[in-house]
Amino acid sequence: MTQETETVGFVGAGLMGHGMAKNIVEKGYPLTVIAHRNRAPVDDLIGRGATEAGSLEEMAGACSIIFLCLTGSPQVEAVVAALKPELKRGSVIIDCSTSDPTSTLRLAADLGEIGVGFADAPLGRTPKEAWEGALDCMVGASEETFTRIRPIIDTWAGKIVHLGDVGDGHKMKLLNNFISLGYAALYSEALALSQKVGIPIEKFDSVIRGGRMECGFYQTFMGYALEGNREAHKFTLSNAYKDLRYIESMANAATVATPMASAAKNSFASAVAGGGSGPEDYIPHLTDFVARANGLDK
């Protein structure tokens with residue numbers, strides 16, 4: 001199929017999905033979207049040329065490729081179940097969520113029985129890059145499916161890595177998030193300790209910034225810790241905690257000891273249990289919860 005014949009559906013026009021869907025429709029693909037809790041992104045996309053589906057079944061019947069950008073595997077499984085009865089043979093579902101690879105492989109096998117393809121294409125970077133069409137994307141798909149879906153992914157991704165077959169994208173995404181969320185836990189604890197021993201955050205930052213320990217994640221994380229920008233990295237503590245649970249599950253299945261991942265998970269678990277479970281409680285806010293746990297006024 002070509003740009004003229006592919007019809008694209010998008011489920012999950014949230015923080016990341018809104019920008020992704022915007023790029024798909026603005027770069028020439030017919031796009032069908034569906035509303036969930038927040039109509040604002042859907043109304044914006046309709047204004048840019050998208051069509052709204054009244055139901056998931058309607059979307060399944062109308063689209064040859066459907067992107068999912070959801071919270072996690074339970075939501076993906078529920079949406080796929082609703083789409084399945086009306087999916088056309090030869091269509092492809094692409095899961096851009098951070099999902100459990102075990103679930104991903106099960107869904108791919110199930111859809112394969114009715115002639116529907118499946119790919120996992122989780123994301124790296126932030127909503128800012130989603131809007132700019134500059135996300136990172138890790139793809140698990142057959143060569144044939146990857147060749148077909150890549151032009152559409154190109155509309156919203158600046159870096160695309162085809163890792164291997166279905167499931168490999170989600171496995172790599174969990175490894176990626178283990179590193180980034182481990183950084184968040186380390187930064188939060190280091191900042192609390194820094195304050196406790198009398199090193200102000202500005203002095204801490206002046207040593208790290210520009211040195212070998214600085215990275216892109218550090219920059220967005222410190223956008224809140226140093227500058228007070230609550231929206232410097234819009235990824236919720238609850239989603240981070242979910243991802244770390246998936247990482248532990250993957251490690252358990254592989255019989256790998258993960259003391260570091262478990263420690264990071266417990267840091268996020270404490271924050272979520274301590275009141276950080278809201279839709280605007282983001283990863284850099286972990287510093288506040290770790291600080292309070294250590295008797296600091298945050």
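Biologist: Which residues make the contact between helix 8 and helix 11?

Modeller: From helix 8 you have K171, L174, L175, N177, F178 and L181, and from helix 11 A240, D243, L244, Y246, I247 and M250. Contact means heavy atoms within 4.5 Å. The residues of that contact divide into nine nonpolar, one polar and two charged. Ala, Val, Leu, Ile, Met, Phe, Trp, Tyr, Cys and Pro count as nonpolar, Asp, Glu, Lys and Arg as charged, and the others, Gly among them, as polar.

Biologist: Before I go on, what kind of model is it?

Modeller: It's a predicted model: local features need pLDDT of at least 70, side-chain atom pairs count only at pLDDT 80 or more, and totals for chains, interfaces and linings use all residues. Residues are numbered from 1 along each chain as its sequence is written, and side-chain values use heavy atoms, with hydrogens and water left out.

Biologist: OK, what's the angle between helix 8 and helix 11?

Modeller: About 120 degrees, with the axes 9 Å apart. Axes are lines fitted to C-alpha atoms over the stretch in contact, and angles run from 0 to 180 degrees between N-to-C directions. The two helices are therefore oblique to each other; under 35 degrees counts as roughly parallel, over 145 as roughly antiparallel, 65 to 115 as roughly perpendicular and the rest as oblique.

Biologist: And how does helix 8 cross helix 12?

Modeller: Their axes come within 9 Å and cross at roughly 60 degrees, and that crossing is left-handed. F178, L181, G182, A184 and A185 of helix 8 meet M260, A261, A264, S267 and F268 of helix 12. By class that's eight nonpolar, two polar and no charged residues.

Biologist: What comes after helix 8?

Modeller: G198, with a positive phi near 90 degrees.

Biologist: Changing topic: is K22 buried or exposed?

Modeller: K22 counts as buried, because its relative accessibility is 8% (buried is under 20%, exposed over 50%, partly exposed in between, with a 1.4 Å probe and protein chains only). K22 is in helix 1 and touches L45, R48 and W131, leaving out residues up to four places away in sequence.

Technical notes: Helix = DSSP H or I, 4+ residues; strand = E, 2+ residues; numbered from the N terminus. Left-handed = near helix turned anticlockwise from the far one by under 90°.
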